[in-house]
Amino acid sequence: MQGFNIKKFEPGEIIFKEGVTGNNAYVIKSGSVEISKNINGKKVTIAVLKQGEVFGEMAILEDEQERTATVTDL
């Protein structure tokens with residue numbers, strides 16, 4: 001994948017947290033991730049994304065955009 005940085009995450013590893021400023025997006029090469037939000041102090045799973053899907057794209061569309069959810073490797 002020329003032009004891309006490839007990074008491997010371990011199961012359970014947090015890729016980024018809700019509320020943190022981001023500046024990159026991710027494409028899932030293999031495996032899956034959980035998208036979750038903290039709602040009233042509880043973790044709520046919003047989605048599970050799999051190979052070929054993209055997440056974090058809002059960070060590259062708008063400057064200094066805060067992450068709206070937490071993403072964890074599954």
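Please keep in mind that the model is predicted.

Let's start with the sheet. Strands of a sheet pair through backbone hydrogen bonds, either parallel or antiparallel. Which is it here? The pairing is antiparallel. Four strands make up an open sheet, in the order S1-S6-S3-S4. Look at the edges next. Strand S1, residues 14–16, stands at one edge, and strand S4, residues 42–50, stands at the other. Each has a single partner strand, so one side of each is left without a neighbour in the sheet. From one strand to the next, the twist averages 30°.

Now go to strand S3. S3 covers residues 32–39 and is joined to S4 by eight bridges. The two strands run antiparallel. Two bridge partners are handy for orientation. Val 33 is partnered with Leu 49 in S4. Ile 35 is partnered with Ala 47, also in S4. S3 also pairs with strand S6, residues 70–73, through four bridges, and again the run is antiparallel. There, Ile 35 stands opposite Val 71.

Stop at Asn 40, in the loop between S3 and S4. Most residues other than glycine have a negative phi. Asn 40 is not a glycine, yet its phi is positive, about 55°. Is Asn 40 buried or exposed? Asn 40 is exposed, at 76% relative accessible area.

Compare that with Ser 36, within strand S3. Ser 36 counts as buried, because its relative accessibility is 4% and the cut-off for buried is under 20%. Leaving out residues up to four places away in sequence, Ser 36 touches residues including Glu 18, Lys 43, Thr 45 and Ala 69.

On to the core. In soluble globular proteins, nonpolar side chains tend to be buried together. The largest nonpolar core in this model has 11 residues. Among them are Phe 9, Ile 28, Val 33, Ile 35, Leu 49 and Val 71. Which elements give two or more residues to this core? They are S1 and S3. Take Val 33 as an example. Setting aside neighbours within four places in sequence, Val 33 contacts Ile 15, Ile 28, Leu 49, Phe 55 and Val 71, among others.

Last, the rings. A pair of aromatic rings is described by the distance of the centres and the angle of the planes. The count here is four aromatic pairs. In one of them, Phe 16 and Phe 55 have ring centres 5.9 Å apart and planes at 40°, so the pair is tilted. This pair links distant parts of the chain: Phe 16 is in strand S1 and Phe 55 is in strand S5, 39 residues apart. Both are buried. Tyr 26 and Phe 55 make a stacked pair, 5.0 Å centre to centre, with 10° between the planes. Tyr 26 sits in strand S2, 29 residues from Phe 55. As for Phe 55, its relative accessible area is 5%. Phe 9, Phe 16, Tyr 26 and Phe 55 form one aromatic cluster. Arg 67 lies over the face of Phe 16, at 3.8 Å from the ring centre.

Terms used:
Residues numbered from 1 in each chain as written. Predicted model: local features only at pLDDT ≥ 70, side-chain atom pairs only at ≥ 80, totals over all residues. Heavy atoms only, no water. Pairing = 2+ DSSP bridges. Axes fitted to C-alpha atoms, helices over the stretch in contact; angles between N-to-C directions. Core = buried A, V, L, I, M, F, W, Y, C linked by side-chain atoms within 4.5 Å. Buried < 20%, exposed > 50% of the residue type's maximum accessible area, 1.4 Å probe, protein only. Contact = heavy atoms within 4.5 Å. Phe/Tyr/Trp six-rings, centres within 6.5 Å; stacked < 30°, edge-to-face > 60°. Lys NZ or Arg CZ within 6 Å of the ring centre and 35° of its normal.
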